[in-house]
Amino acid sequence: MSSIVILTGAGISAESGIATFRGPGGLWEGHRVEDVCTPEALASDPVLVHRFYDLRRAALAGVVPNAAHLALARLDREWAGELLIVTQNVDDLHERAGARRMLHMHGELRAALCAACGERRAWEEALPPATVCPACGAAALRPDIVFFGEMPYGMERIEAALARADLFVSIGTSGAVYPAAGFVQMARHHGAATLELNLEPSAGSAWFDETRAGAAGTLVPAWVGQMLD
Ligand code: OAD
(Lines give C-alpha, C1' and ligand atoms only; values in the text may rest on other atoms or scores of the structure.)
Protein backbone atom coordinates (compact mmCIF):
# COMPACT_ATOMS: atom_id res chain seq x y z
CA MET A 1 0.00 0.00 0.00
CA SER A 2 1.81 3.17 -1.06
CA SER A 3 -0.49 5.70 -2.69
CA ILE A 4 -3.41 7.27 -0.81
CA VAL A 5 -6.01 9.80 -1.91
CA ILE A 6 -8.20 11.33 0.80
CA LEU A 7 -11.35 13.35 0.14
CA THR A 8 -12.66 15.51 2.97
CA GLY A 9 -15.93 17.42 3.35
CA ALA A 10 -17.69 19.66 5.83
CA GLY A 11 -18.03 16.82 8.36
CA ILE A 12 -14.31 16.94 9.17
CA SER A 13 -14.64 20.56 10.33
CA ALA A 14 -17.90 20.03 12.25
CA GLU A 15 -16.13 19.33 15.55
CA SER A 16 -14.20 22.59 15.10
CA GLY A 17 -17.56 24.37 15.23
CA ILE A 18 -18.13 25.01 11.51
CA ALA A 19 -21.66 23.91 10.60
CA THR A 20 -22.04 21.44 7.71
CA PHE A 21 -24.07 22.31 4.62
CA ARG A 22 -26.82 19.75 4.80
CA GLY A 23 -27.08 19.18 8.54
CA PRO A 24 -29.32 21.07 10.97
CA GLY A 25 -28.30 24.73 11.27
CA GLY A 26 -26.40 24.37 8.01
CA LEU A 27 -23.97 26.95 6.70
CA TRP A 28 -26.40 28.49 4.29
CA GLU A 29 -27.98 30.32 7.23
CA GLY A 30 -31.42 30.69 5.74
CA HIS A 31 -30.12 31.36 2.24
CA ARG A 32 -31.04 29.05 -0.58
CA VAL A 33 -27.95 27.59 -2.24
CA GLU A 34 -28.85 29.36 -5.48
CA ASP A 35 -28.79 32.71 -3.67
CA VAL A 36 -25.19 32.52 -2.51
CA CYS A 37 -23.35 29.89 -4.52
CA THR A 38 -23.99 30.43 -8.24
CA PRO A 39 -22.57 32.83 -10.86
CA GLU A 40 -26.13 34.09 -11.40
CA ALA A 41 -26.46 35.03 -7.72
CA LEU A 42 -23.15 36.88 -7.82
CA ALA A 43 -24.30 38.82 -10.87
CA SER A 44 -27.76 39.68 -9.52
CA ASP A 45 -26.94 40.40 -5.84
CA PRO A 46 -23.19 40.86 -5.39
CA VAL A 47 -23.62 42.63 -2.05
CA LEU A 48 -25.40 39.62 -0.51
CA VAL A 49 -22.97 37.08 -1.95
CA HIS A 50 -19.82 38.99 -0.98
CA ARG A 51 -21.20 39.61 2.51
CA PHE A 52 -22.02 35.92 2.97
CA TYR A 53 -18.41 34.92 2.29
CA ASP A 54 -17.03 37.90 4.26
CA LEU A 55 -18.85 36.60 7.34
CA ARG A 56 -17.59 33.06 6.82
CA ARG A 57 -14.01 34.31 6.24
CA ALA A 58 -14.19 36.38 9.44
CA ALA A 59 -15.53 33.37 11.38
CA LEU A 60 -12.35 31.41 10.63
CA ALA A 61 -10.56 33.52 13.25
CA GLY A 62 -12.69 31.85 15.94
CA VAL A 63 -12.08 28.19 15.07
CA VAL A 64 -9.11 25.82 15.34
CA PRO A 65 -8.24 22.47 13.75
CA ASN A 66 -9.58 19.39 15.53
CA ALA A 67 -8.13 15.92 16.14
CA ALA A 68 -9.09 14.77 12.63
CA HIS A 69 -7.23 17.61 10.88
CA LEU A 70 -4.23 17.02 13.15
CA ALA A 71 -4.22 13.29 12.41
CA LEU A 72 -4.24 13.89 8.64
CA ALA A 73 -1.36 16.36 9.06
CA ARG A 74 0.52 13.65 10.93
CA LEU A 75 -0.18 11.21 8.10
CA ASP A 76 1.13 13.82 5.64
CA ARG A 77 4.37 14.19 7.63
CA GLU A 78 4.98 10.50 8.23
CA TRP A 79 3.54 8.66 5.20
CA ALA A 80 6.48 7.81 2.92
CA GLY A 81 4.28 6.90 -0.05
CA GLU A 82 2.25 9.16 -2.29
CA LEU A 83 -0.53 11.15 -0.62
CA LEU A 84 -3.05 13.73 -1.76
CA ILE A 85 -5.64 15.27 0.56
CA VAL A 86 -8.40 16.75 -1.60
CA THR A 87 -10.75 18.92 0.39
CA GLN A 88 -14.13 20.29 -0.64
CA ASN A 89 -13.87 22.65 2.32
CA VAL A 90 -13.13 26.32 1.86
CA ASP A 91 -11.83 26.73 5.44
CA ASP A 92 -8.09 26.58 6.10
CA LEU A 93 -8.09 24.04 8.94
CA HIS A 94 -6.12 21.33 7.09
CA GLU A 95 -3.21 23.67 6.41
CA ARG A 96 -3.38 25.24 9.87
CA ALA A 97 -3.05 21.72 11.28
CA GLY A 98 0.10 21.32 9.18
CA ALA A 99 -1.04 19.35 6.10
CA ARG A 100 0.92 20.23 2.95
CA ARG A 101 0.10 17.65 0.30
CA MET A 102 -3.40 19.03 -0.21
CA LEU A 103 -5.68 20.72 -2.68
CA HIS A 104 -8.79 22.91 -2.23
CA MET A 105 -11.02 21.76 -5.08
CA HIS A 106 -13.86 24.19 -4.20
CA GLY A 107 -11.65 27.23 -3.56
CA GLU A 108 -10.70 29.03 -0.36
CA LEU A 109 -12.34 31.62 1.87
CA ARG A 110 -8.99 33.26 2.47
CA ALA A 111 -8.46 33.99 -1.22
CA ALA A 112 -9.84 36.29 -3.90
CA LEU A 113 -10.24 35.55 -7.59
CA CYS A 114 -10.18 38.16 -10.33
CA ALA A 115 -13.13 37.57 -12.63
CA ALA A 116 -11.32 39.57 -15.33
CA CYS A 117 -7.77 38.16 -15.40
CA GLY A 118 -8.23 34.95 -13.40
CA GLU A 119 -5.47 35.67 -10.87
CA ARG A 120 -5.97 34.18 -7.41
CA ARG A 121 -4.44 35.85 -4.37
CA ALA A 122 -4.46 35.48 -0.59
CA TRP A 123 -7.19 37.67 0.95
CA GLU A 124 -7.72 38.10 4.70
CA GLU A 125 -10.02 41.12 4.91
CA ALA A 126 -13.59 41.83 3.88
CA LEU A 127 -13.98 41.84 0.07
CA PRO A 128 -16.59 44.38 -1.11
CA PRO A 129 -17.98 44.00 -4.65
CA ALA A 130 -15.98 45.82 -7.35
CA THR A 131 -12.70 45.69 -5.42
CA VAL A 132 -9.89 46.49 -7.85
CA CYS A 133 -7.58 43.64 -8.85
CA PRO A 134 -3.96 44.65 -8.12
CA ALA A 135 -2.80 42.53 -11.05
CA CYS A 136 -4.93 43.87 -13.92
CA GLY A 137 -6.72 46.93 -12.52
CA ALA A 138 -10.26 45.66 -13.24
CA ALA A 139 -12.89 46.23 -10.53
CA ALA A 140 -13.60 42.50 -10.57
CA LEU A 141 -12.37 40.68 -7.45
CA ARG A 142 -14.79 38.04 -6.13
CA PRO A 143 -14.57 35.35 -3.44
CA ASP A 144 -12.38 32.46 -4.66
CA ILE A 145 -15.20 29.95 -4.25
CA VAL A 146 -16.17 27.43 -6.93
CA PHE A 147 -19.87 28.06 -7.51
CA PHE A 148 -22.34 25.49 -8.78
CA GLY A 149 -21.86 25.15 -12.52
CA GLU A 150 -18.16 26.15 -12.34
CA MET A 151 -15.23 23.78 -12.82
CA PRO A 152 -13.55 22.67 -9.56
CA TYR A 153 -9.82 23.32 -9.19
CA GLY A 154 -7.19 20.67 -9.77
CA MET A 155 -9.29 18.07 -11.57
CA GLU A 156 -6.41 16.83 -13.74
CA ARG A 157 -4.16 16.36 -10.72
CA ILE A 158 -6.96 14.68 -8.76
CA GLU A 159 -7.86 12.28 -11.55
CA ALA A 160 -4.20 11.34 -12.05
CA ALA A 161 -3.83 10.68 -8.31
CA LEU A 162 -7.03 8.58 -8.27
CA ALA A 163 -5.72 6.52 -11.18
CA ARG A 164 -2.56 5.69 -9.16
CA ALA A 165 -4.25 5.26 -5.77
CA ASP A 166 -4.04 2.03 -3.81
CA LEU A 167 -6.44 3.41 -1.21
CA PHE A 168 -9.17 6.04 -1.40
CA VAL A 169 -10.59 7.39 1.87
CA SER A 170 -13.63 9.67 2.07
CA ILE A 171 -14.11 11.63 5.31
CA GLY A 172 -17.09 13.73 6.43
CA THR A 173 -18.86 14.25 3.13
CA SER A 174 -22.47 13.50 2.21
CA GLY A 175 -21.64 12.42 -1.35
CA ALA A 176 -24.26 14.83 -2.68
CA VAL A 177 -22.10 17.04 -4.90
CA TYR A 178 -20.32 15.95 -8.08
CA PRO A 179 -17.63 15.55 -9.28
CA ALA A 180 -16.29 14.79 -5.78
CA ALA A 181 -19.09 12.28 -5.15
CA GLY A 182 -17.82 10.28 -8.12
CA PHE A 183 -14.21 9.95 -6.91
CA VAL A 184 -14.95 6.67 -5.14
CA GLN A 185 -16.12 5.10 -8.38
CA MET A 186 -13.06 6.40 -10.26
CA ALA A 187 -10.74 5.00 -7.58
CA ARG A 188 -12.49 1.62 -7.64
CA HIS A 189 -12.33 1.54 -11.42
CA HIS A 190 -8.53 1.81 -11.15
CA GLY A 191 -8.37 -0.91 -8.51
CA ALA A 192 -8.07 1.07 -5.27
CA ALA A 193 -9.45 -0.14 -1.96
CA THR A 194 -12.07 2.28 -0.61
CA LEU A 195 -12.93 3.37 2.93
CA GLU A 196 -15.55 5.79 4.21
CA LEU A 197 -15.29 7.53 7.59
CA ASN A 198 -18.51 9.48 8.22
CA LEU A 199 -21.01 10.18 10.94
CA GLU A 200 -23.59 8.17 9.00
CA PRO A 201 -23.43 6.20 5.74
CA SER A 202 -23.33 8.74 2.86
CA ALA A 203 -25.39 8.76 -0.34
CA GLY A 204 -22.64 6.73 -2.01
CA SER A 205 -21.70 4.43 0.85
CA ALA A 206 -22.58 1.32 -1.17
CA TRP A 207 -19.53 2.07 -3.35
CA PHE A 208 -17.10 1.67 -0.45
CA ASP A 209 -15.43 -1.59 0.55
CA GLU A 210 -15.75 -0.49 4.17
CA THR A 211 -17.75 2.22 5.97
CA ARG A 212 -17.00 3.23 9.55
CA ALA A 213 -19.71 5.34 11.18
CA GLY A 214 -18.77 7.89 13.84
CA ALA A 215 -17.25 11.31 14.49
CA ALA A 216 -14.20 12.23 12.43
CA GLY A 217 -12.39 13.43 15.57
CA THR A 218 -12.40 9.84 16.82
CA LEU A 219 -12.35 7.76 13.62
CA VAL A 220 -9.61 9.63 11.75
CA PRO A 221 -6.90 9.51 14.47
CA ALA A 222 -7.66 5.80 14.95
CA TRP A 223 -7.36 5.09 11.22
CA VAL A 224 -4.15 7.14 10.88
CA GLY A 225 -2.69 5.27 13.85
CA GLN A 226 -3.56 2.01 12.14
CA MET A 227 -1.77 3.14 8.95
CA LEU A 228 1.39 4.39 10.66
CA ASP A 229 1.95 2.29 13.77
P1 OAD B 1 -22.47 18.09 3.69
O2 OAD B 1 -23.00 19.07 4.69
O3 OAD B 1 -23.30 17.79 2.49
O4 OAD B 1 -22.15 16.70 4.39
C5 OAD B 1 -21.42 16.62 5.58
C6 OAD B 1 -21.32 15.16 5.97
O7 OAD B 1 -20.52 15.09 7.15
C8 OAD B 1 -22.66 14.48 6.30
O9 OAD B 1 -22.74 13.22 5.66
C10 OAD B 1 -22.63 14.32 7.83
O11 OAD B 1 -23.26 13.12 8.27
C12 OAD B 1 -21.13 14.22 8.08
N13 OAD B 1 -20.70 14.66 9.43
C14 OAD B 1 -21.25 15.61 10.21
N15 OAD B 1 -20.55 15.74 11.36
C16 OAD B 1 -19.53 14.85 11.30
C17 OAD B 1 -18.46 14.48 12.17
N18 OAD B 1 -18.28 15.09 13.35
N19 OAD B 1 -17.61 13.51 11.77
C20 OAD B 1 -17.78 12.89 10.58
N21 OAD B 1 -18.76 13.19 9.72
C22 OAD B 1 -19.62 14.16 10.06
O23 OAD B 1 -21.01 18.65 3.25
P24 OAD B 1 -20.11 18.26 1.99
O25 OAD B 1 -20.30 16.83 1.63
O26 OAD B 1 -18.75 18.72 2.29
O27 OAD B 1 -19.68 23.13 -2.16
O28 OAD B 1 -20.74 19.18 0.87
C29 OAD B 1 -20.18 19.16 -0.41
C30 OAD B 1 -20.25 20.53 -1.05
O31 OAD B 1 -21.58 21.00 -1.00
C32 OAD B 1 -19.47 21.61 -0.34
O33 OAD B 1 -18.10 21.62 -0.66
C34 OAD B 1 -20.13 22.86 -0.83
C35 OAD B 1 -21.58 22.43 -0.83
O36 OAD B 1 -22.31 22.94 -1.86
C37 OAD B 1 -19.30 24.39 -2.48
O38 OAD B 1 -19.25 25.30 -1.67
C39 OAD B 1 -18.91 24.57 -3.90
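**View 1. Val146 in the loop between S6 and H6.** The place of Val146 is in the loop that runs between strand S6 (141-145) and helix H6 (155-164), where helices (H or I, at least four residues) and strands (E, at least two) are DSSP runs numbered from the N terminus. The model is predicted, so local features need pLDDT of at least 70 and side-chain atom pairs count only at pLDDT 80 or more, while totals for chains, interfaces and linings use all residues. Residues are numbered from 1 along each chain as its sequence is written, and side-chain values use heavy atoms, with hydrogens and water left out. Val146 counts as buried because its relative accessibility is 11%; buried means under 20% relative accessible area, exposed over 50% and partly exposed in between, with a 1.4 Å probe and protein chains only. The C-alpha atoms of Val146 and Arg157 are separated by 17 Å, and these residues are 11 apart along the chain.

View 2. The ligand is surrounded by 23 residues, of which Arg22, Thr173, Ser174, Glu200 and Ala216 are the closest; a residue is near a molecule if one of its heavy atoms lies within 4 Å of it. By class, this shell holds 10 nonpolar, 10 polar and 3 charged residues, with Ala, Val, Leu, Ile, Met, Phe, Trp, Tyr, Cys and Pro counted as nonpolar, Asp, Glu, Lys and Arg as charged, and the others, Gly among them, as polar.

View 3. For Gln88, a backbone N or O atom lies 3.2 Å from an oxygen atom of the ligand. Of the 800 Å² of accessible area that the ligand has on its own, the protein covers 94%; accessible areas come from the Shrake-Rupley method with a 1.4 Å probe.

**View 4. The largest cavity.** The count comes to 1 cavity of 30 Å³ or more, a cavity being a set of points, on a 1 Å grid over the protein atoms alone, where a 1.4 Å probe fits but cannot get out. The volume of the largest cavity is about 100 Å³, taken as the space filled by probe spheres set on the points, which are joined across faces, edges and corners. Its lining consists of 16 residues, with Ser170, Thr173, Gly175, Ala180 and Ala181 nearest the centre of the cavity; lining residues have an atom within 4 Å of a point. Strand S7 (167-171) and helix H7 (183-189) each supply at least two residues of this lining, which by class has 9 nonpolar, 6 polar and 1 charged residues.

**View 5. Two backbone features in loops.** Most residues other than glycine have a negative phi, and most peptide bonds are trans. The peptide bond from Tyr178 to Pro179 is cis, with omega near 10 degrees, and Pro179 lies in the loop between S7 and H7. Ala130, although not a glycine, has a positive phi of about 70 degrees, and Ala130 is located in the loop between strand S5 (120-122) and S6.

**View 6. Two buried aspartates.** Asp76 lies in helix H4 (residues 67-78) and is buried, with a relative accessible area of 8%. The side chain of Asp76 reaches the backbone nitrogen of Arg100 at 2.4 Å; a polar contact is a pair of N or O atoms within 3.5 Å, and within protein one must be able to donate a hydrogen and the other to accept it, while residues adjacent in sequence count only if both atoms are side-chain atoms. Asp91 is found in the loop between strand S2 (82-87) and helix H5 (93-97), and Asp91 is buried because its relative accessible area is 7%.

Notes
On a 1 Å grid over the protein atoms alone, a cavity is a set of points where a 1.4 Å probe fits but cannot get out, and a pocket is an open set with protein on both sides within 12 Å along at least five of seven lines; lining residues have an atom within 4 Å of a point.
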